There are 2 protein chains.
Amino acid sequence: MTTPAPRRGRPGYDLQSLLAVAVELFNERGYDGTSMRDLAGRLGIAKSAIYHHVTGKEELLRLALDRALGGLTAVAGRARALPAPAIERLEYLVRGSVEVLEAESPYVTLLLRVRGNTEVERAALEQRRGVDRFVAELVAEAISDGDIRPGADAMVTARLLFGLVNSIVEWYRPGRQERPQALADAVCALAFEGLRVRRPSRGR
Amino acid sequence: MTTPAPRRGRPGYDLQSLLAVAVELFNERGYDGTSMRDLAGRLGIAKSAIYHHVTGKEELLRLALDRALGGLTAVAGRARALPAPAIERLEYLVRGSVEVLEAESPYVTLLLRVRGNTEVERAALEQRRGVDRFVAELVAEAISDGDIRPGADAMVTARLLFGLVNSIVEWYRPGRQERPQALADAVCALAFEGLRVRRPSRGR
């Protein structure tokens, strides 16, 4: 995927760079609060030049949400296919979701703000719910495997786990992490091992 | 604190019940998107009847944010005063924050959406940052005590911990929990003990 910088003077955009600017604007002002005129203004091109690439604002939203969902459903698919216990598949899914969030943070931010006002948004919410159900299934399976403590509520645990992952968009800024996977490691350590050092098993 | 149901026919509100309706509306439409006319409409009273209680919309916001912040800073104050290691004070603060969130969920939801557009919002954000700094200090102290694993980044850990707590407002509905403290227990179990059962120390 190429995302060339716009040329000076008479800027040119391909679909991906146009989409990146649209998502930036949607995240700043809200999708409903952004017009094609606003977008043309930010891009410094005529509205007609945008319609060369897409049929309208809703197609931009669909492409942006598809990009976030594509990443997340691909990770979920790989987690589903993993020949490993549910707890391992769950950790794989959490780790992969953090990595998608880091790689595609503006797109995932937009996805997490969708409230279902349009057909495109409702379709995206339905796909998100599919991933949520898969998480709840994995948690339930890990509980029955004895890998998560017996008293845990599968639905509450699934919500907390993905609340934790999704909360990252509130403060994440691309390029600030000192090394790749540091954030995914921190999330998995917190969620799966817990903050408190396991003294008895380490003989301390 | 009494919050009588509005009387039928000619409804009457005290400040607390008026505030509850205002917060409901702010959470639905956004603070900026809610007018005093909207609020009067929802209450079924004249705007002048609202001005009997408050000077305007910004005072309603300040009262609402103070209610959420009052609960959270009280818990932080008790955590600070606790004669216990940092890891215990941190767990006390997390547990207490979940309980405030449950007891005052509409007010905490409003607080978490504040973006700093007005003086009242900026003051609330500054108070939230004070609590965030305290969390980061407790995490750093618990790391140096050896109670949180040495590799942990104090700031990232603090953000994840409160991202986890704050994410609850996205799905929490008052009165659905089967027993008091179930949610606070689930959050603390996830964050401090981790999901994965500690087999070696349990001899399993």
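Author: Helix axes are lines fitted to C-alpha atoms over the stretch in contact, and angles run from 0 to 180 degrees between N-to-C directions. The model discussed here is predicted.

Reader: At what angle do helix H1 and helix H4 of chain B pack?

Author: Helix H1 (residues 15-29) of chain B crosses helix H4 (residues 57-81) of chain B at about 95°, and their axes lie 10 Å apart. Because angles of 65 to 115 degrees count as roughly perpendicular, H1(B) is described as roughly perpendicular to H4(B).

Reader: Which residues of H1(B) and H4(B) meet?

Author: From H1(B) come Leu19(B), Ala22(B) and Val23(B), which meet Leu60(B), Leu63(B) and Ala64(B) of H4(B). By class, this contact has 6 nonpolar residues, with no polar and no charged ones.

Reader: How many residues does the contact take from each chain?

Author: The size of an interface is often given as the accessible area lost when the parts come together. Here the description is by residues: 32 from chain B and 32 from chain A. On the side of chain B that touches chain A, the elements giving two or more residues are helix H8 (154-167), helix H9 (182-193) and helix H10 (199-202) of chain B. By class, that side of chain B has 17 nonpolar, 7 polar and 8 charged residues.

Conventions:
Residues numbered from 1 in each chain as written. Chains lettered and ligands numbered in written order. Predicted model: local features only at pLDDT ≥ 70, side-chain atom pairs only at ≥ 80, totals over all residues. Helix = DSSP H or I, 4+ residues; strand = E, 2+ residues; numbered from the N terminus. Parallel < 35°, antiparallel > 145°, perpendicular 65-115°, else oblique. Contact = placed C-beta atoms within 7 Å. Nonpolar A, V, L, I, M, F, W, Y, C, P; charged D, E, K, R; others polar.
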